[in-house]
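Please read this report with the sequence and the three-dimensional view side by side, and look up each residue as it is mentioned.

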Amino acid sequence: MDETMTLIDRAHKGDKGARDQLVLDNLGLIWSIVRRFQGRGYEMEDLFQIGSIGLLKAIDKFDLSYEVRFSTYAVPMITGEIKRFLRDDGMIKVSRSLKEMGMRARSVRESLTCALGREPTVEEIAREMGASKEEVAASIEAGAEVESLYKTIQKQDDNNLCLMDRIEDENQDQERLLNHMVLEELIGQLEGKEREIILRRYYQNQTQTEVAKALDISQVQVSRLEKKILKRMREKF
C-alpha cells in the first residue's frame, strides 16, 4: 500500500492528522481545477474553499479497493462540488472593487459621451479613469445584465430552454481530457481478451461480429463479455 492509500486508510479510522496531510498533498490539484473556473465572477479563494470540500468528500468516500489512483477519483469530486456551487448560487457574483470600478466607468462613459458627442471607446474611458483598458472592460462586462442568460428562449415539450443551455461550456475540452484520462487508466487495467474487445469496439469501431471473427469466438460471447466489462468499468469510474 503506497503512502496515499495508507493516509486514506488512517483517515477513515479517524486520524485527523492523516486527513490534513492528504489535503496538503492535494492543494495543487485543487488549484489546477479552480483555475478552470476563473472569470466566472467569483474570488478564486472562495472557489478553492469549495473545491476543498470536494476533496474532503473524495477522501471520505474513496474505497481502498478501487483500482484507480486517488487523484483520478478526486478530480470529478472536486469539479462537481464547484459546479454545484456555481449552479445553486445562481447569479454571477462580482467583487466589490470590480463593482465600484464598473460604476465609475459608466459615469465616465456618460460624461465623455456628452463631451465628445459620441460613444467613447474603452481606451478613452480607461485614460480618463487612469486605469488599464483590460480592467475597465472587465468592470463594464461584470456590470452587464446576466439574468437574461436564464430567461426562457424556447419551449421544448414540458421543458423550458434558456440561453445558458445554448452556450458551450468553455471547459468542455478540459472535461473531455479528464474523462479520456480516466478511461485510459481503466482500459489499462484490462488484460488480454477483455482489453482487445474494448479497443476494437470503441477505438477501432469494429462490430461485434468483426471482433468475434478476429478473436475466434462467437458474437454472443463478445456481446456478453462486452456488457460485463463495461459494467465493471462504470462501477470503477
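In this predicted model, glutamate 124 forms a salt bridge with arginine 118, and their closest N and O atoms are 2.8 Å apart. A salt bridge here is a side-chain nitrogen of Lys or Arg within 4 Å of a carboxyl oxygen of Asp or Glu. Glutamate 124 is buried, with a relative accessible area of 19%, whereas arginine 118 is partly exposed, with a relative accessible area of 38%. As background, side chains of opposite charge can pair when their charged atoms come close.

A search of the whole structure finds 10 salt bridges, and the table sets out three of them.

| Glutamate 124 | Arginine 118 | 2.8 Å |

Lysine 57 is partly exposed at 32% relative accessibility, while glutamate 81 is buried, with a relative accessible area of 11%. Lys57 and Glu81 also belong, together with Arg84, to a network of salt bridges.

Glutamate 226 is buried, with a relative accessible area of 5%.

From charged pairs we turn to nonpolar residues. A nonpolar core is a set of buried Ala, Val, Leu, Ile, Met, Phe, Trp, Tyr and Cys residues joined through side-chain atoms within 4.5 Å. The largest such core has 29 residues, and those with the most contacts inside it are Leu55, Phe70, Ile78 and Ile82. Two or more residues of this core come from each of helix 1 (3–12), helix 2 (16–25), helix 3 (27–34), helix 4 (44–61) and helix 5 (70–89). A second, separate core of 8 residues includes Ala105, Leu112, Ile125 and Ala126. In soluble globular proteins, nonpolar side chains tend to be buried together.

Which residues does leucine 55 contact, leaving aside its neighbours within four places in sequence? They are Leu22, Val23, Asn26, Ile30, Phe70, Ala74 and Ile78, where contact means heavy atoms within 4.5 Å.

Helix 2 has the buried residues Ala18, Leu22 and Val23. These residues cover an arc of only 145° around the axis, which puts them on the same side of helix 2; the arc is that of the directions from the helix axis to the C-beta atoms. On the other side of helix 2, Lys16 and Leu24 are exposed. The cover over the buried residues of helix 2 includes helix 1, helix 3 and helix 4.

Leucine 64 sits in the loop between helix 4 and helix 5 and is partly exposed at 32% relative accessibility. Not counting residues up to four places away in sequence, leucine 64 touches Met5, Ile8 and Asp9. The C-alpha atoms of leucine 64 and aspartate 9 are separated by 7.5 Å, although these residues are 55 residues apart along the chain.

Another loop residue is aspartate 216, which lies between helix 12 (208–215) and helix 13 and is exposed, with a relative accessible area of 71%. Its phi is near 60°, a positive value in a residue other than glycine. Most residues other than glycine have a negative phi.

For the chain as a whole, the secondary structure comes to 13 helices and 2 strands, and buried residues make up 33% of the 237 residues.

Residues are numbered from 1 along each chain as its sequence is written, and side-chain values use heavy atoms, with hydrogens and water left out. Because the model is predicted, local features need pLDDT of at least 70 and side-chain atom pairs count only at pLDDT 80 or more, while totals for chains, interfaces and linings use all residues.

How values were computed:
Buried means under 20% relative accessible area, exposed over 50%, partly exposed in between (1.4 Å probe, protein chains only). Helices (H or I, at least four residues) and strands (E, at least two) are DSSP runs, numbered from the N terminus.
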